[in-house]
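Here is a quick tour of the charged and aromatic contacts in this one. Have the viewer open and follow along.

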Amino acid sequence: MARWLPRSTDLTRFCQKLNRVKTLEDDMMETSFNRCLSTIDLTLLGIGGMVGSGLYVLTGTVAKEIAGPAVIVSFIIAGFASLLAALCYAEFGARVPKTGSAYMFTYVSVGEIWAFLIGWNVLLEYMIGGAAVARAWSGYLDSIFNHKIKNFTETHVGAWQVPFLAHYPDFLAAAILLVATAFISFGAKVSSWLNHVFSAISMGVILFILIMGFVLAQPKNWSTQEGGFAPYGLSGIMAGTATCFYAFVGFDVIAASSEEARNPQRAVPRAIAFSLGLATGAYILVSVVLTLMVPWHTLDPDSALADAFYRRGYAWAGFLVAAGSICAMNTVLLSNLFSLPRIVYAMAEDGLFFQVFSRVHPRTQVPVVGIVVFGLLMALLALVFDLEALVQFLSIGTLLAYTFVAASIIVLRFQQHKGDVPAPGPSSRPNAEPHEGPSGAELKEYESFSDKLHLVDRDKSKEQREPGQLKAAFEPYLEFLSDFYPGEVVTVAVVTLMVSAICLCSILVFGNTHLHLPTWSYSLLLILFSLGFLLSLLLIWAHEQQHSTQTFQIPLVPLSPALSIILNIYLMLKLSYMTWLRFAVWLLLGLLVYFGYGIWHSKENLREPRAQRVSARYVVFPGGSLEERVQAVQPGCQPASGLPDTSTDDCKR
């Protein structure tokens, strides 16, 4: 029985396979794509991804049903929360200018299986999102013609009463997706040009809405006679924030396009900042004019802006609003179809997904196979499936990606730069060899029995600290942490921080409702998990981090990513249990794909070193001497078969 159980070394090797990180090329600007996108192109792509039908529908829905005129405050808070996630994407996009967005960022810092699962969820998110927007586009156009398209389809094709299927096949939604797929396949420049046209029309309509809205504004609509500015109180504002947060989903298209940017180190952070700022301003200002034009409690949630102009005697303005809404939805469609094939390409290029999707057309320089296949799948979803039950699934995939990108920022910031002190690991060199240290001085590398035993007689007050090492000011108080490899303590602290955040948010969300905890235990658990979160944060902060002036870096690390993590986890736990059930099923399918294909075809397999006789080494800097106690713990050296016995010399060294 025991011989069938896996050995500990096999389990260790298996876990290492799951958590191996991607090796980046020396020249990260080299690509098979066409680097043709400017900062303006990326900014308009980001605006197109964020300012969609939500501007025309979401503002009215949240104002009437959730927050009242205080929807303005909800959008301000949601914009700030989105900024935390956006800054994480900006740093990664500038530092790793490769396509793949959250998938790529997780792969280079956290590990392979986590990256695959993030990419797998983002894949479904974009497919459902694009199909849902196409159906909304079709329904909006159909409503302008008094639902003649729907009635014609039901009469001549038929209606369905099948669970998970739409009531009727939406040929118009499928057709618009196929047309958009054709344009996207022509190349990044054509896609960008088309996005410019629709974005310009959409922003022109928004400008018209703002000018006319402020002209028709009536401050009395915020008065106490109409219910006041915040009729639902603080709880309504925060509930509105949770809903408004999803309006800003879409800026990750900029990170996904970084491999096609001319100067990604500068263009990606600027485009994310500009697009998020403009989108936040648009949502806030439209909310202001909408709630000032008519009383908030009389708004029509389905067509708030058009109805507001109609009731103020400007029915013709409804046609402009409709044109703006359709153009805005077109930009969201283009954003989804632009990003999805590039993320699939990144996964296929790394060997984690089917290799056929890594093919790039030699003339258009886009992953045309991925564009066509996933465009057809998106059109099929829009044609026959009922997407209303699946739309909430979009939230969990986005929030999970945001969480892992924020955690990846912390992990990567506290890792050593590539090429610093030689990393511990297997080596086949039995003799000491000179190397150049981080400060240019010569250091000697020795083989030993442990890859984490650095036998160095150091003057710690004068040593130049590397990222991931304990700060000198904290060493007298946390001296026991000095023996760990740089970055190890930070990684453990990040895991502890995330576990504490999950427990803390679970108590906040379920403590009084589902768990029915007594007041004393509710308070005690909140205090304990809050302390765990804060102590993990302080432990991370007590270590040195990388400082770079060459690319953008998010400020206040680890505080900013930690706030993003806890906010994303809180919002995920607010989703319905059915969403989590569907998420679990999709994850299981993803694990089948990974263990059936990805783990065997991963390109990192080719880079894994072969097993060597020497399993560890230690480093001695110039002028350093081995501590005397080393000889007491050095193991006896066994000569290899057929080789002269040099164990005495090795041990003495």
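## Arg413 and its partner

Let's start with Arg413, which is buried at a relative accessible area of 3%. This is a predicted model, and in it Arg413 pairs with Glu91 in a salt bridge, with N and O 2.7 Å apart. Arg413 belongs to helix α16 (residues 393-413) and Glu91 to helix α4 (residues 71-95), so the bridge links parts of the chain 322 residues apart. Glu91 is buried as well, with a relative accessible area of 3%.

How many salt bridges does the structure hold? There are eight. One of them joins Arg20 and Glu112, whose closest N and O atoms are 2.9 Å apart. Because Arg20 sits in the loop between α1 (8-18) and α2 (39-50) while Glu112 is in helix α6 (residues 112-144), this pair ties together parts 92 residues apart in sequence. Arg20 counts as buried at 8% relative accessibility, and Glu112 is buried at 0%.

Another salt bridge runs between Arg342 and Glu260, and here the closest N and O atoms are 2.6 Å apart. Arg342 is buried, with a relative accessible area of 0%, and Glu260 is buried with a value of 0%.

## Around the α11-α12 loop

Ser257 is also found in the loop between α11 and α12. Is Ser257 buried or exposed? Ser257 is buried, at 0% relative accessible area. Leaving aside residues up to four places away in sequence, Ser257 touches Leu37, Leu42, Leu45 and Phe338.

Phe338 turns up again with Arg342: the charged end of Arg342 sits over the Phe338 ring, 3.7 Å from the ring centre. Elsewhere, Lys471 lies over the face of Trp541, at 4.6 Å from the centre of the ring.

## Aromatic pairs

On to the rings: the structure holds 31 aromatic pairs. Phe116 and Trp120 have ring centres 6.0 Å apart and planes at 15 degrees, so they count as stacked. The two are four residues apart in helix α6, which puts about one helical turn between Phe116 and Trp120. Phe116 is buried, at 0% relative accessible area, and Trp120 counts as buried at 8%.

Tyr232 and Trp296 make an edge-to-face pair, 5.7 Å centre to centre with 70 degrees between the planes. Tyr232 lies in the loop between α9 (188-215) and α10 (233-244), and Trp296 in the loop between α12 and α13 (304-311), so the pair ties together parts 64 residues apart in sequence. Tyr232 is partly exposed at 36% relative accessible area, whereas Trp296 is buried at 8%.

There is also a cluster linked by ring pairs, made up of Phe14, Phe116, Trp120, Phe353, Phe354, Phe357, Phe374, Trp586, Tyr594, Phe595 and Tyr597.

## Model confidence

A word on the prediction itself: the mean pLDDT of the protein chain is 82, and 84% of its residues reach 70 or more. Over residues 419-462 the pLDDT is below 50, and this stretch has 106 contacts in the model beyond near neighbours in sequence. Residues 611-653 also have a pLDDT below 50, with 75 contacts counted beyond near neighbours in sequence.

Key:
Residues are numbered from 1 along each chain as its sequence is written. This is a predicted model: local features need pLDDT of at least 70, side-chain atom pairs count only at pLDDT 80 or more; totals for chains, interfaces and linings use all residues. Side-chain values use heavy atoms; hydrogens and water are left out. A salt bridge is a side-chain nitrogen of Lys or Arg within 4 Å of a carboxyl oxygen of Asp or Glu. Buried means under 20% relative accessible area, exposed over 50%, partly exposed in between (1.4 Å probe, protein chains only). Contact means heavy atoms within 4.5 Å. pLDDT is the predictor's confidence in each residue, from 0 to 100. Rings of Phe, Tyr and Trp (its six-membered ring) pair if their centres lie within 6.5 Å; planes under 30 degrees apart count as stacked, over 60 as edge-to-face and the rest as tilted. A charge sits over a ring if NZ of Lys or CZ of Arg is within 6 Å of the ring centre and within 35 degrees of the ring normal.
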